[in-house]
Structure formats: C-alpha cells, structure tokens
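Notebook open, model loaded. I'm jotting down what I looked up, one spot at a time.

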Amino acid sequence: MDFEFTQEQDMLRDSVRRMMDRLATPDYIRRLDREQAYPYELYDAWVEMGLLRMPFPEAYGGLDGSVLDMTIIAEELSRSSFDFFTAYGGSVFCGLNVVRKGSDEQKHRWIPRLLSGDVKMSISMSEPDAGSDVGAMRTTARRDGDHWVINGQKLWATGAGARGNVINVYVKTDPKSHYRQGMSLFLVDNDTPGLKLRKLDMLGRRCVGTYELFFDDVRVPADRLIGGENKGWECVLSGLQVERIASTAGYCGGAQAVVDLALQYAKDRKQFGRPIGTFQSIAHMLADMQTEVDAARVLMWRAAWMLASGRDALREISVAKLFGSETYVKVANLGMQILGAYGYNMEFDMQRHFRDARSTTVGAGTSQMQRNLIAGLMGLKVQ
C-alpha cells in the first residue's frame, strides 16, 4: 500500500486549493448560504479548470484521471463547503453512469455537453415513502410509442433546480417485479412540461438546493433511457463505490476545515489572561479532533487506493464512509463547543459546518445501513 502522491496529484491539490481560496471567500460562501443561491460562478470555474473532465475517458473529452484524483478534488472542494462537493459530485457521478451504462450515441451526446458545462446533472431516487427502502418506490414510467410517460413524486433531490440541469431519475418500469428487476433510469430536463419542482427549506447544505419533484404525465423521449429497460438497479450499483468514497473524501475535507477553524480560534481567543488553547481541556479536545480526522482520512485513502487498483473495496469503503461521516458530525459539535457563543452566531462559519455535517450520516446511505452492510460483509445475518 503506497500513500505517496504523484507530482501531478500534488499539483492538482495545490491548484484546486488556490482556486477555492481565491474564489470561495468567506463572504461569498456566507452569502450563498444565507440566500440559498447556487454557486454558478464556482461551477463555471471548475469547468474552465477541467475538474469535471478529470475522471472521464479521453474518448469523450476527459482526462483519464483515477479515483484518487477525484477524491483529491472532493476533499479540497469540501474544505470550503461540503455543499460545493455535492454540486460537483452530482454531475460527475451521473455522467460516469452514462459512460458505464449508456449507448455509444448517448455517451457522445451527453458527456461532451456535461464537461463543457452546457448541462449539469443530479440524481433523484428517494420518495416520501422510499428512502433506504428502495423497494417502496412508487414513481412509474410507461412506454407510449417513442416516449416514456413518468408519473409520481420524488423527494430530497439535491441540485435538481440548477440552471441547465438534467435530472437522473430512477423509476419503476415494471411495478409487478422486484425493484432490482423492475427499475429504470431516465434523463429528464428540469424544465420538461409536466414536471414541477418545489425547493425545500433545509437546515444545512443550503446553496446547491434540495427539491421535491412532481411528475404529471411527463413525457421523455425513449433515447433518454439509460442502461436499458428494467436495468436501473445495475446503474445504481455500477457507481456506488465511487460515489461513497468521493463523498467520504468530502467529509474529511469538511472535518479538517472544522479543526482548522477551531484551532485558529483557540490560538486567538484569550480568557483568564492567555489563549484558551493553552488550557489542557481545550488542547485535548483539539488533539482528539485532529486524531479522528486523520484516522478518517487514512481509512478513506486505503479504500480509494484499493478501488483505484481495481480491487473490490465495498467493505473498506463502507467502513470509511461510516467513520468519516460520523467524524465530521463529531468534530463539528466539538468545534461549536470550543467557539462557544461565536460558534452559535450566524456571522461565523462553525455553525454552517455544524449544520452541513449533520446530513452526512443520512445521505449516500445512512450510518445504520452502513453498519448493516459491514456486519453482513463480516458474515453476520442482520435482521
């Protein structure tokens, strides 16, 4: 196992960090959070810098980057805001699904437009009664000539309302079959007639936006079906490991930002005549926070290295996802304690990390589902 980064990867990390430091200023991030505004300026900068091209094959305009390259990007974007990674990751994960499961015509049609920034992509799977229980999905699509007609309701669709966004929607195409044999994936423009979006007022991750979707006889051309009829579950599984390891890198980036904020505050804030970081109780909190973030990062890089080496890393990724998300929540809570009333004030950034972190043990597979999966991979039959 080699944790040494190449010179190109070090340059990638440095260039992404410099770009984010320059464009994603504290005032800019606070305004997006306050106004619940999409980071269009940042997204355009990512496109111009080639960050969206990184994990895609050269045949479609990509840079043939590895999983390690993508995790480097995810970690650096999330040091500014974990919500920024969700904007980047949504397009990348959905686009890679098209590469893996789409036809040649679909790949050449969609991937260049995605990498140029002409379109964005987001995923929509959850419903009011279907979260971890995918089998409870009720949204359906039926064939009608050269089109499919979608009816139903979706929930918690991150980034669905962004300008130029194409929603990757999972629906039932054979309601009588088990969801693994009766689900399909469609690409639906977010301004398609019959589709209504309602932006939800969420506690955290407020700039990219989370939406409720209503499909009322939404007609989509047959060539918007990805992977074939009733092959949606295969599309889900094809990208699951990449999605979770990149998300974990985002957790690590956000968690490290929390430690950095708390550490700087502990050095600057004086009580009883000296910096509060010199008090053992605070110093030990910070030491524990950094230790847990480092442990989460090591688990993340182990899993990413295995995946980049072509090995099955489901167990390692699940462990890293579980530990990384819970570490982000834990250190954000401790960061709030260290900053005291300043942490609770909306003019300071710690409260935003506290709010954003809380979603990470739910999204991309809950902590409870991760524990079930890990236990199953250990040979236990969990009821």
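I began with Phe 272, which sits in the loop between strand 9 (270–271) and strand 10 (274–275). Strands here are DSSP runs of E with at least two residues, helices are runs of H or I with at least four, and both are numbered from the N terminus. Before going on, I noted that this is a predicted model: local features need pLDDT of at least 70, side-chain atom pairs count only at pLDDT 80 or more, and totals for chains, interfaces and linings use all residues. Residues are numbered from 1 along each chain as its sequence is written, and side-chain values use heavy atoms, with hydrogens and water left out.

**Phi check.** Most residues other than glycine have a negative phi. Phe 272 has a positive one, near 55 degrees. I found another positive phi at Asn 230, near 65 degrees; Asn 230 is in the loop between strand 8 (225–226) and helix 8.

Is Phe 272 buried or exposed? Phe 272 counts as exposed because its relative accessibility is 78% (exposed is over 50%, buried under 20%, partly exposed in between, with a 1.4 Å probe and protein chains only).

**Ser 81.** I looked next at the loop between helix 4 and helix 5 (82–101), where Ser 81 is found. Ser 81 has a relative accessible area of 2%, so I logged it as buried. Which residues does Ser 81 contact, leaving aside neighbours within four places in sequence? I got Ile 29, Arg 352 and Asp 356, where contact means heavy atoms within 4.5 Å.

**Second largest pocket.** I noted a volume of about 320 Å³ for the second largest pocket. Its lining has 16 residues, and Asp 21, Ala 24, Arg 79, Ser 80 and Ala 257 lie nearest the centre. Two or more lining residues come from each of helix 1 (7–23), helix 2 (26–35), helix 4 (67–80), helix 8 (232–268) and helix 12 (350–357). By class, I have six nonpolar, three polar and seven charged residues in this lining. For the terms: on a 1 Å grid over the protein atoms alone, a pocket is an open set of points where a 1.4 Å probe fits, with protein on both sides within 12 Å along at least five of seven lines, and lining residues have an atom within 4 Å of a point. The volume is the space filled by probe spheres set on the points, which are joined across faces, edges and corners. Charged is Asp, Glu, Lys and Arg; nonpolar is Ala, Val, Leu, Ile, Met, Phe, Trp, Tyr, Cys and Pro; the others, Gly among them, are polar.

**Helix 4 on helix 8.** These two pack at about 35 degrees, with axes 7 Å apart. The contact includes Ala 74 and Arg 79 of helix 4, and Gly 253 and Ala 257 of helix 8. I logged nine nonpolar, six polar and three charged residues for this contact. The axes are lines fitted to C-alpha atoms over the stretch in contact, and angles run from 0 to 180 degrees between N-to-C directions.

Met 202 is in the loop between strand 6 (195–199) and strand 7 (210–221), and is partly exposed because its relative accessible area is 25%. Met 202 touches Trp 156 and Thr 210, not counting residues up to four places away in sequence. Thr 158 belongs to strand 3 (residues 147–158) and is partly exposed at 22%. Beyond four places in sequence, contacts of Thr 158 include Thr 86, Ser 122, Arg 205 and Thr 210.
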